[in-house]
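Here is a short briefing on one protein chain. Look at the sequence and the 3D structure first, then read the points below.

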Amino acid sequence: EGRRYAFATDLSDSEFESIVRKWRTAVLAGNRKEAAKYTHFPLQVNANHRHRTIRTPAQLNEQWDRIFTPAYLSRIKKDLPHDMLGEESDLLVSLGSGDVWFGDKGIEVLNLPD
């Protein structure tokens with residue numbers, strides 16, 4: 001009761017936000033292995049009105065530089081993992097204005113800038 005993310009996870013708000021912070025810190029530091037720990041595969045990546053699926057940490061590593069461009073990293077850097085918005089129908093919580101979507105098992109969707 002009174003939990004912002006109860007529709008998406010059984011974790012407390014602070015525990016859930018901690019996972020988001022850890023993922024964000026790893027991505028901004030370029031720590032691919034650590035970021036993959038907080039990623040739920042298959043991962044959906046949306047860009048230019050198309051989407052692709054990344055099925056494994058190895059695939060994420062291979063595509064890292066195409067996904068985490070300077071423009072995208074700049075957006076993620078501005079996105080703060082607190083009081084995030086959610087989509088109850090999708091059971092997902094958004095970092096920023098939909099840049100990254102998290103579920104109870106980690107990051108599930110990346111929306112890259114056009």
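The points below cover the sheet, one serine, the aromatic rings, the salt bridges and the backbone.

This is a predicted model, where local features need pLDDT of at least 70, side-chain atom pairs count only at pLDDT 80 or more, and totals for chains, interfaces and linings use all residues. Residues are numbered from 1 along each chain as its sequence is written, and side-chain values use heavy atoms, with hydrogens and water left out.

**Sheet and helices**

- Helices (H or I, at least four residues) and strands (E, at least two) are DSSP runs, numbered from the N terminus.
- Strands of a sheet pair through backbone hydrogen bonds, either parallel or antiparallel.
- Here, 6 strands build an open sheet in the order β2-β1-β6-β5-β4-β3, and the pairing is mixed. Two strands pair if DSSP finds at least two bridges between them.
- The edge strands are β2 (50-54) and β3 (85-87); each has a single partner strand, so one side of each has no neighbour in the sheet.
- From one strand to the next, the twist averages 25 degrees.
- Strands β4 and β5 (residues 100-103) pair in the antiparallel sense over 3 bridges. Val93 stands opposite Phe102 in β5.
- Helix α1 lies across β1 (39-47), β4, β5 and β6 (106-111), and runs at about 135 degrees to β5. Axes are lines fitted to C-alpha atoms, for helices over the stretch in contact, and angles run from 0 to 180 degrees between N-to-C directions.

**Ser94 in β4**

- Ser94 sits in strand β4 (residues 92-95).
- Is Ser94 buried or exposed? Ser94 is buried, because its relative accessible area is 3%. Buried means under 20% relative accessible area, exposed over 50%, and partly exposed in between (1.4 Å probe, protein chains only).
- The Ser94 side chain reaches the backbone nitrogen of Gly98 at 2.9 Å.
- Leaving aside neighbours within four places in sequence, Ser94 is in contact with Met84, Leu85, Asp99, Val100 and Trp101. Contact means heavy atoms within 4.5 Å.

**Aromatic rings**

- A pair of aromatic rings is described by the distance of the centres and the angle of the planes.
- Rings of Phe, Tyr and Trp (its six-membered ring) pair if their centres lie within 6.5 Å; planes under 30 degrees apart count as stacked, over 60 as edge-to-face and the rest as tilted.
- The count by this rule is 5 aromatic pairs.
- Why is the pair of Tyr5 and Phe16 tilted? The ring centres of Tyr5 and Phe16 are 5.2 Å apart and the planes are at 40 degrees, so the pair is tilted.
- This pair links distant parts of the chain: Tyr5 is in the segment before α1 (13-29) and Phe16 is in helix α1, 11 residues apart.
- Tyr5 is buried at 1% relative accessibility, and Phe16 is buried at 2%.
- Trp64 and Phe68 also form a tilted pair, with 4.3 Å centre to centre and 45 degrees between the planes. Trp64 is buried, at 6%. Phe68 is buried, at 6%.
- One aromatic cluster holds Trp23, Trp64, Phe68, Tyr72 and Phe102.

**Salt bridges**

- Side chains of opposite charge can pair when their charged atoms come close.
- A salt bridge is a side-chain nitrogen of Lys or Arg within 4 Å of a carboxyl oxygen of Asp or Glu. The structure holds 5 of them.
- Glu34 bridges to Lys37, with the closest N and O atoms 3.0 Å apart. Both lie in helix α2 (residues 32-37), 3 residues apart, about one turn of the helix. Glu34 is partly exposed at 24%, while Lys37 is exposed at 58%.
- Asp99 bridges to Arg75, with the closest N and O atoms 2.6 Å apart. The pair links distant parts of the chain: Asp99 is in the loop between β4 and β5, and Arg75 is in helix α4 (residues 70-78), 24 residues apart.
- Asp99 is buried at 3%, whereas Arg75 is partly exposed at 32%.

**Backbone**

- Most residues other than glycine have a negative phi, and most peptide bonds are trans.
- The peptide bond from Phe41 to Pro42 is cis, with omega near 5 degrees. Pro42 lies in strand β1.
- Asn48 is not a glycine, yet has a positive phi of about 50 degrees.
- His49 has a positive phi near 65 degrees, and lies in the loop between β1 and β2. His49 is exposed, at 80%.

Methods:
A polar contact is a pair of N or O atoms within 3.5 Å; within protein, one must be able to donate a hydrogen and the other to accept it, and residues adjacent in sequence count only if both atoms are side-chain atoms.
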